[in-house]
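Let's take a walk through this one together. Have a look at the model below, and then we'll go through a few of its parts.

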Amino acid sequence: MGTRRVLVTGCSSGIGLAVAARLAKDELKRFKVVATMRDLGKRGPLEKAAVNNAGLGMIGPLECQSIDAMKELFDTNFFGLVRLVKEVFPDMKRRQSGHIVVLSSVMGTQGILFNDVYSASKFAVEGFCESLAVQALTFNIKTTVVEPGPVVTEFERKVYEDAENMDLSATDKETAKIFREIYLPYSKKIFASIGQTPEEVAEQAIKVITAKEPPLRHQTNRLYMPMTALKHADPTGRLPLDAFYKMTFKYDKVFNATLTMLHLLQRIRGKK
Ligand SMILES: NC(=O)c1ccc[n+]([C@@H]2O[C@H](COP(=O)([O-])OP(=O)(O)OC[C@H]3O[C@@H](n4cnc5c(N)ncnc54)[C@H](OP(=O)(O)O)[C@@H]3O)[C@@H](O)[C@H]2O)c1
C-alpha cells in the first residue's frame, strides 16, 4: 500500500496540529498530510480521509454577543465543514472510498451554560454528519464525529481572553455576576482538572482514521462521559437539565470537591 493522502483543516495549532504531526510521523509511512483545501486537487485524489478540524469558540451572555460574531462562528464551525464536504464528496463517491472525520465536541450533543451559540454550531455539525452518513454509506464512505471534552489549546486561551475583556453592560447584573463569578472560575477548574492535551485527542483521532470500521461518534474523554450519558438516560431532558442546574447553583461545593479530586488524580497519573 502506498502513502494515502489525508486532508486536515486548521492545523496551525492545537488538535489539528497534533493530528497532522502524528500522521506525518507515522512510522509505517502510510500517510501524507494535505494542509489546505487549495492543495487538494494538485496531486491526485484524497485516498484516505478529510479531517474537518478548524473551529472557533464563543462564550458569554447572549445579549453581549453580536449577530456578526455569531455568523462568523457558524461560517467557520458549520459552513467550513459544508464547504469541505462539497469539495471532497464527489471524488470519494466516484472512488467508492474515503472517510469524513469531523472535530465536533461534547457540546454537539449537550448544551452547556453560556456556550449557547458555540454549542448550536456543533449541534448543526452533528445533524449534518448524521444525515450525510447514511448517503455516504451507500458509496462506502465512512463518517465520524470526534467529540472531545475540554482540551487545553489556544482555543481555551482565546475564549477566556475574550471573556475577561467582554463588555457585560448589555446584560443584567445577575447574569454578569453568574458569568464572572460562577461560570468562568468553574470552567477554568474543569479545564485544569479533566482537560486533555491535544496530543491525547490526536492519538484517538488517529485510531478512528485507521480503524477498519470506524464509529459514527467517538467521545475522547472518559471522565466526561457520565455527563453526556445523562441525556440518553432521560428523553424528557429533565435529568441533565436538573443535574447541570443543581451542580452549578446548589451543590457547587460537592462539584468543586470532585473537580479538585480529579485534578489530583490527573496529576498523579501524569507523574506516573
Ligand atoms: N479546545 C477544546 O476545548 C475543544 C473541545 C472540543 C472540541 N474542540 C474543537 O476542536 C477543533 C480544534 O480546536 P483547538 O482546540 O485545536 O483550537 P485551536 O488551537 O484554536 O485551533 C483551531 C484551528 O482552526 C483554525 N481556524 C480557526 N478559524 C478558521 C477559519 N475561519 N478558517 C480556517 N481555519 C480556521 C485555526 O487557524 P488560525 O489560528 O490560523 O486561525 C487553528 O489552526 C475545533 O473545531 C473545536 O471546536 C475543541
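**Two helices and two residues**

Start with a pair of helices: α4 crosses α5 in a left-handed fashion. Keep in mind as you look that this is a predicted model.

To find the pair, pick out residues 154–164 for α4 and residues 173–194 for α5. Their axes lie 12 Å apart, and the packing angle is about 165°. Anything over 145 degrees counts as roughly antiparallel, so that's the word for how α4 and α5 run relative to each other.

Which residues of the two helices actually meet? On the α4 side they are Glu156, Tyr160, Ala163 and Glu164. Facing them from α5 are Phe179, Arg180, Leu184, Ser187, Lys188 and Phe191.

Is threonine 175 buried or exposed? Its relative accessible area is 17%, and buried means under 20%, so threonine 175 is buried. Leaving aside residues up to four places away in sequence, threonine 175 touches Pro61 and Phe114.

Now hop over to glycine 57, in the loop that links β3 (49–52) with α2 (67–95). This glycine 57 is partly exposed, at a relative accessible area of 26%. Setting aside residues up to four places away in sequence, glycine 57 is in contact with Leu73, Tyr118, Phe155 and Val159.

How values were computed:
Residues are numbered from 1 along each chain as its sequence is written. This is a predicted model: local features need pLDDT of at least 70, side-chain atom pairs count only at pLDDT 80 or more; totals for chains, interfaces and linings use all residues. Side-chain values use heavy atoms; hydrogens and water are left out. Axes are lines fitted to C-alpha atoms, for helices over the stretch in contact, and angles run from 0 to 180 degrees between N-to-C directions. Helices (H or I, at least four residues) and strands (E, at least two) are DSSP runs, numbered from the N terminus. Angles under 35 degrees count as roughly parallel, over 145 as roughly antiparallel, 65 to 115 as roughly perpendicular and the rest as oblique. A crossing is left-handed if the near helix is turned anticlockwise from the far one by less than a right angle, and right-handed if clockwise. Contact means heavy atoms within 4.5 Å. Buried means under 20% relative accessible area, exposed over 50%, partly exposed in between (1.4 Å probe, protein chains only).
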